[in-house]
Amino acid sequence: MQTAASGNSRHHARLTPLWLTAAIPVCVLGLGLAAQAQETAQTPSQTTPTAQAAPDDSTVVVVKGVRASITKSLATKRRSTQVVDSIVAEDIGKLPDNNVIEALQRVAGVQVTDRGGGEVGTISIRGMPDISTTWNGRNVFTASSRQLSLQDIPSTLVRQIDVYKTRSASQLESGIAGQIDVSTLRPFDFKGFEVSLAGRGSYDEQSGNFNPNVSGLISNRWSTGAGDFGALLNLSYSRAKYRVQTVTAGALVPFATVDDPPAGWSALERLFNGDARAGGATFWQPGTNTGLSSEEGATLNINGVDVPYYLSRDAVFATDLTGDRERPAANIALQWQPNADAVYTFEFMYDGYRNTTFSNLLFSYVDGWWDLGDDPSSSFTLYPGTNIIKSRTTGSVYGFNSGDLTTAKTDSFIYALNGKWNIGDRFSLVGDLSYQNSVYTSEFMAMRTERTAGSITADFNAHDGIAAFSFDDNSLLADPSQWTVAQFYDNANRNKGYAGTASLDGVYEADWGPVKKISFGVRYDDRKAEEAARGQSAYLGQALSSLDSGLQYYNTDFYDGRSDVPTSWVVANGYYIRDHIDEIRELYHSVDSSFKTTDELSLFTNFRADEKTTSLYAQADLENQLLGRRLRSQFGLRYVDIETDLNFYQLVDSSVVETTAQKQISKVLPSATLRYDVSDDILVRLNYGETLRRPNFGDLNPYTTLTDAVTNSGYGSGSKGNPDLTATHAKNLDLTAEWYFSKDSALYGTLFQRKIDGLVVTMALQEDTTNTATGNTGSYLVSTPYNASNGVLEGMELGLTYFPKDLPGVLNGLGVQASVTKLDSSQNVPNVNSEGEIIGQLKTDFFGVSKLSYNITLAYEHGPLGARLSYVWRDRFLASNEASSFANPIGVWRRPEKDLDLQLNYNISPRLSVSVDAVNLTDELQQNYYYFNGGYGGQDTDNLGSTILGRTFSIGFRWKM
């Protein structure tokens, strides 16, 4: 538990990064003067498990050092038939980042976000998150999701990451954004015995913790009378204690004006839809994206009269989250080559995830109108020329705190057996069998405390989109006698996923005139998924000070002085609740007889899915001459048949009601690629292909989850799936040109378009129903996914890799890698009324798509010194939608994001190296705001949350035998 004393220690510990930052230039100068040539080592290229993932050749390439890593990636791009970008480890397991997603942020067209918790958490290719994830060519996933959580794979296990932006018929049909294949090492990648150890300690500036990351590899191969044998073991463990601090201004909702309130309303009274004084009429349409006008003098029609209104916030709140994340991982590979025509590989991979987060929430409503003093007009200010309130003071303020503890755990296991055979001089087969299972579990415990404060003064945008607020006496926030213990929430989830997969791929080197190669294959996959959950809540109503003092938790030094907000408050201690859960449940059980104790708790299975996929493909590679130059082409068809059996379960009056559904999808997906060598150094590609996005299993589940209104909006919220969802279909076109103008250097560009039919959008429909979990009856806006949108994503990428020749002295080895991506997206979103009738169509951007993004990396390799200085920037983007019951624009946009990282590596000897890394050197915030493309909202007046990301500084070593 963090105490005031530990908070002071954290404050002193943060002096360390300043010392480290100052030392970096000195280190660079000293290492540069000491630079001397070091020996290089050869690492053979990967032996892939299936024909679909195999490279065009098996050339042995040196992969050591920063420059070699970049140029190896460039070589992969040049010889590939598809449009592919790669990240290659400089040495054994040596990617310069904490996880796979962070390593990919410098790839052209790849955008990352959600950097809270000390690392990047979300990835998209050309703005789209629907990515097919594979491990050594095999489709992999986490629990009941469609994708693998790539951030769970430590970078120390990775040999190479390939980002496929186009696909051939031989590759998986899923993932309209692209495919990311993560390759790990095998024993036949080495000549013989190999041992490698690595360790890194990372200092997290916000939490004040020094976090470990260790890995080790041992591999060997032997020649015997029965052939060559090889065995490899690679282990990794990382732990990160982190802190994430956020200040948020709430949603914009309408209020009566001071001078002209509606008849029967008070000055500055909040205007709720469905108010009885207006006969239950609605003043605006819930569920629309556009929101209410913020023009000065804008009106609402209430009881037939157009009356002016103000827009102001419903709440302000602060969140202080601390976390403890662990990632154990292991990779085992066994290989046997009995002769020159056969290779057998067994592989096992385990990746684990453990994360405990404690979130301290300080939440206060600022929508009161009953205690504004003698002159309400002096209690607020407006943005000039608008009806938006910038700051206000109100009295008798209700608020609550919440101590939320979440424990999450994932265990994923993959077992695979692969065989590759050469049959004669022209024919080869690759067979692959794999089984995987992945289980994700989580528990959520939250205890709220509440009070009514004397008054609050809030400036919703004090500076740079950051809100500020203060109470009449902030010291009372840390007085437990001021707080009454209120609700307790006790929830849990368990998601499972299993799959057994078999594939057989064949390649015939035909040499039939222009036809050079015929490829074919069959794949069968039996995928199962299920989800289970439980939840309960109850209200206590006792003073926090009357309970055990261990239940009191105090944070300190909140928000680093970046805004005028409270710096400390008391909440219920989630760790104490976890360790005394039986006592807490019994406490609430004595108040609410329906509340269950430990022995009575059990998870309820919501759905089970069994999805069987059969796919076949045939593909031909041709070669011709056009204008005296080589023209290579590849044409293929992939047939996929998907049969899904679904079982859904819901408790109704203590009885289990089961519903079933069956889905069947059959598609023939063509692909074609033309590759023309304009000259020895210039090539162009034209690719057309079709891909699918399957519905998420959870989106198919019609089980309804309801949440009662907690913001006095008049509406509760809810969500449910739609078993009638079908696959989203994309037609993809790419045109690329690449100029390899010198050794290790290239300039390349791509034009692309994605036409997508059947995009899933969520529509909120009003339902009058009873929340069986709480017994409350009312109106709920229930969000349901539908295949109700079509869209187009198009854009361009431009990239450069350049290592100048013959630079003088210590400048020799300097190079640059850079790319820029321009995107334009548009999709229609149905606008529905409360009865579910479509009353119009809105045009909006895709979620997660920045119109412009770029990255630039300065790379340096000279003697024993290697360095990277990387800058990544992306424009604003639509991140999510707000709860549709509010009146403001519900589109939540993220402000432009940037990141500056530095990595330094020095080879003390051929076997030992040390490294220094710094992430987020410019100490950026992550911020969002409300906005709609029609002109409503914006970051200056409709700012939302501001999160401190913090910086991390690392020191590490790497040794190999």
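Residues are classed by relative accessible area as buried under 20%, exposed over 50% and partly exposed in between, with a 1.4 Å probe and protein chains only. The structure is a predicted model, in which local features need pLDDT of at least 70 and side-chain atom pairs count only at pLDDT 80 or more, whereas totals for chains, interfaces and linings use all residues. Residues are numbered from 1 along each chain as its sequence is written, and side-chain values use heavy atoms, with hydrogens and water left out.

On this scale E600, with a relative accessible area of 40%, is partly exposed, and the residue is located in the loop that connects α6 (581–589) with β26 (604–626); helices (H or I, at least four residues) and strands (E, at least two) are DSSP runs, numbered from the N terminus. Together with D548, D582, E583, E586 and D599, E600 makes up a negative surface patch, a term that covers residues with over 30% relative accessible area and no salt bridge, like charges being joined within 9 Å and nonpolar side chains (Val, Leu, Ile, Met, Phe, Trp, Tyr) within 5 Å.

Strand pairing was assigned where DSSP finds at least two bridges between two strands. Strand β15 (residues 305–313) is mostly covered, 7 of its 9 residues being buried. This strand is joined to β13 (residues 252–256) in antiparallel fashion by 5 bridges, with F255 as the bridge partner of Y310 in β15. Strand β14 (residues 299–302) also pairs with β15 in the antiparallel sense, here over 4 bridges, and N301 has D306 of β15 as its bridge partner. In the hairpin of β14 and β15, where 2 residues lie between the strands, N303 adopts a positive phi near 55°.

A separate description applies to an open sheet of 5 strands, whose order is β3-β8-β9-β6-β7 and whose pairing is mixed. Because β3 (84–88) and β7 (138–139) stand at the edges with a single partner strand each, one side of each is left without a neighbour in the sheet. The contact of β3 with β8 (residues 158–164) is antiparallel and comprises 5 bridges, and within it S86 stands opposite D162 in β8.

Salt bridges, defined by a side-chain nitrogen of Lys or Arg within 4 Å of a carboxyl oxygen of Asp or Glu, number 50 in a search of the whole structure. One of them links E347 with R186, whose closest N and O atoms are 2.9 Å apart; since E347 lies in strand β17 (residues 342–365) and R186 in the loop between β9 (178–184) and β10 (194–204), the pair ties together parts that are 161 residues apart in sequence. Both partners count as buried, E347 at 0% relative accessibility and R186 at 1%.

A salt bridge also forms between D324 and R239, with the closest N and O atoms 2.6 Å apart; D324 lies in strand β16 (residues 315–339) and R239 in strand β12 (residues 227–249), so that parts 85 residues apart in sequence are tied together. Here D324 is partly exposed at 21% relative accessibility, as is R239 at 28%.

In a further salt bridge the side chains of R534 and E443 meet at 3.3 Å, N to O, and, because R534 belongs to strand β23 (residues 515–543) and E443 to strand β20 (residues 427–463), the pair ties together parts that are 91 residues apart in sequence. R534 counts as buried at 15% relative accessibility, whereas E443, at 33%, is partly exposed. Finally, salt bridges that share partners join K77, D85, R126, K165, D734, R754 and E797 into one network.

Definitions and conventions. Accessible areas come from the Shrake-Rupley method with a 1.4 Å probe; for residues, only the protein chains shown count as cover. Lys and Arg count as positive and Asp and Glu as negative; His and the chain ends are not counted. The place of a charge is taken as NZ of Lys, CZ of Arg, CG of Asp or CD of Glu.
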